[in-house]
Amino acid sequence: MAGRDRRSSDEDDEPGGIVYVTDVVSSAGSVLLVGILLFAVSGVWPPLVAIESPSMDPHIKEGDLVFVMEEARFSGPGAHHGVVTAASDGGYTKFQRTGDVIVYKPDGNGDQTPIIHRAMLWVEDGENWYDRADPAYIGGADNCEQLTSCPAEYSGFITKGDNNGAYDQVGSNPISDPVKPDWVIGTAELRVPLLGQIRLQWSEARATTRPEIGRNQTNATGANVTAPA
């Protein structure tokens with residue numbers, strides 16, 4: 001008795017191949033849709049960043065994935081250009097301490113890896129802000145002249161990593177000058193622990209084969225962020 005003819009191996013493989021391609025396209029579309037929705041909410045692209053260093057410990061840790069939002073969207077009380085500083089008297093807190101945590105371009109340089117640190121003070125153009133600074137974070141300076149950015153050459157934010165012993169604007173090789181409002185990329189809103197490790201490992205693998213794309217030299221004190229692809 002004759003049985004049903006068996007299909008060729010090519011015919012056997014075809015449905016599986018179609019399903020695979022469909023799954024890949026569907027997954028890519030889902031990721032794109034999520035990205036679009038996050039952008040619509042945050043107003044920042046990319047809306048998710050991976051943390052590269054421990055300078056914001058213990059409130060934001062290395063390897064975390066952080067959601068970033070445009071600073072002016074839901075700004076707190078007493079905000080300067082959408083950012084509430086730790087010096088504000090309104091009791092506003094983010095990540096267990098007073099003041100917003102901002103993502104900014106150090107010295108306004110978009111080619112450097114952005115920094116994610118807390119906004120501590122808002123200083124005005126020409127201000128001697130020494131007397132308003134916390135003595136613990138000024139590197140032993142005895143007066144304004146001994147501070148790198150005092151008096152302020154322009155209005156901006158004095159920033160600091162929660163795990164760092166000095167402001168970003170202090171020292172012979174500061175992380176950044178006072179942060180101008182247009183250097184601010186956005187404010188950190190929430191963190192997903194460890195999820196950023198995937199992106200960091202991928203970046204390190206690329207850096208191994210292309211050394212010129214290595215991390216920013218401020219990593220020892222600056223909590224740099226990498227945008228997930």
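# Exercises on charged and aromatic pairs

In this predicted model, Arg191 has a relative accessible area of 28% and is therefore partly exposed. The exercises begin with this residue.

**Exercise 1. Determine which residue Arg191 meets in a salt bridge, and explain which parts of the chain the pair ties together.**

Solution. 

Step 1. The general idea comes first: side chains of opposite charge can pair when their charged atoms come close.

Step 2. The partner of Arg191 is Asp64, and the distance from N to O is 2.5 Å. A salt bridge requires these atoms to lie within 4 Å, and the pair is counted as one.

Step 3. The surroundings of the two partners may now be compared. Arg191 is partly exposed at 28%, while Asp64 has a relative accessibility of 1% and so counts as buried.

**Exercise 2. Describe the salt bridge of Arg118 and Asp162, and decide whether these residues are buried or exposed.**

Solution. 

Step 1. The side chains of Arg118 and Asp162 come together with 2.7 Å between N and O.

Step 2. Arg118 is part of strand E6 and Asp162 is part of the loop between E7 and E8, so this bridge joins parts separated by 44 residues in sequence.

Step 3. Both residues, Arg118 and Asp162, are buried.

**Exercise 3. Classify Arg132 and Glu127 by accessibility, and state how many salt bridges are counted.**

Solution. 

Step 1. The closest N and O atoms of Arg132 and Glu127 are 2.8 Å apart, and the two residues form a salt bridge.

Step 2. The cut-offs are needed here: buried means under 20%, exposed means over 50%, and partly exposed lies in between.

Step 3. Arg132 has 39% relative accessibility and therefore counts as partly exposed. Glu127 has 18% and is therefore buried.

Step 4. Some bridges share partners: Lys94, Asp100 and Glu189 are joined into one network in this way. The count of salt bridges comes to seven.

**Exercise 4. Explain why the pair of Trp129 and Tyr167 is edge-to-face, and locate the two residues in the chain.**

Solution. 

Step 1. A pair of aromatic rings is described by the distance of the centres and the angle of the planes.

Step 2. Four aromatic pairs are found in the whole structure. In the pair of Trp129 and Tyr167, the ring centres are 6.1 Å apart and the planes stand at 75°, so the arrangement is edge-to-face. The cut-off for this class is an angle over 60 degrees.

Step 3. Trp129 is in the loop between strand E6 (115–123) and strand E7 (156–160), and Tyr167 is in the loop between E7 and strand E8 (184–192); the pair thus links distant parts of the chain, 38 residues apart.

Step 4. Trp129 has 0% relative accessibility and so counts as buried. Tyr167, at 4%, also counts as buried.

Step 5. Ring pairs extend this picture to a cluster of Trp129, Tyr137 and Tyr167. The charged end of Lys160 sits over the ring of Tyr137, at 4.4 Å from its centre.

**Exercise 5. Identify the class of the aromatic pair formed by Tyr154 and Trp183, and state which residue lies over the face of Tyr154.**

Solution. 

Step 1. The centres of the two rings are 6.1 Å apart and the angle between the planes is 70°, and the pair of Tyr154 and Trp183 is edge-to-face.

Step 2. Tyr154 lies in the loop between E6 and E7 and Trp183 in the loop between E7 and E8, 29 residues apart, and the pair links distant parts of the chain.

Step 3. Tyr154, with 17% relative accessibility, counts as buried. Trp183 is buried as well, with a relative accessible area of 11%.

Step 4. The residue over the face of Tyr154 is Lys180, at 4.6 Å from the ring centre.

**Exercise 6. Name the residues of the nonpolar surface patch, and give the number of helices and strands in the protein chain.**

Solution. 

Step 1. The patch consists of Leu190, Val192, Leu195 and Ile198, which together have about 360 Å² of accessible area.

Step 2. Val192 is found in strand E8. At a relative accessible area of 35%, Val192 is partly exposed.

Step 3. The protein chain has two helices and nine strands. Their order from the N terminus is α-β-β-β-β-β-β-β-β-α-β.

Step 4. Of the 229 residues in the protein chain, 41% are buried.

Conventions. Residues are numbered from 1 along each chain as its sequence is written. This is a predicted model: local features need pLDDT of at least 70, side-chain atom pairs count only at pLDDT 80 or more; totals for chains, interfaces and linings use all residues. Side-chain values use heavy atoms; hydrogens and water are left out. Rings of Phe, Tyr and Trp (its six-membered ring) pair if their centres lie within 6.5 Å; planes under 30 degrees apart count as stacked, over 60 as edge-to-face and the rest as tilted. Helices (H or I, at least four residues) and strands (E, at least two) are DSSP runs, numbered from the N terminus. Buried means under 20% relative accessible area, exposed over 50%, partly exposed in between (1.4 Å probe, protein chains only). A charge sits over a ring if NZ of Lys or CZ of Arg is within 6 Å of the ring centre and within 35 degrees of the ring normal. Patches are made of residues with over 30% relative accessible area and no salt bridge: like charges are joined within 9 Å, nonpolar side chains (Val, Leu, Ile, Met, Phe, Trp, Tyr) within 5 Å. Accessible areas come from the Shrake-Rupley method with a 1.4 Å probe; for residues, only the protein chains shown count as cover.
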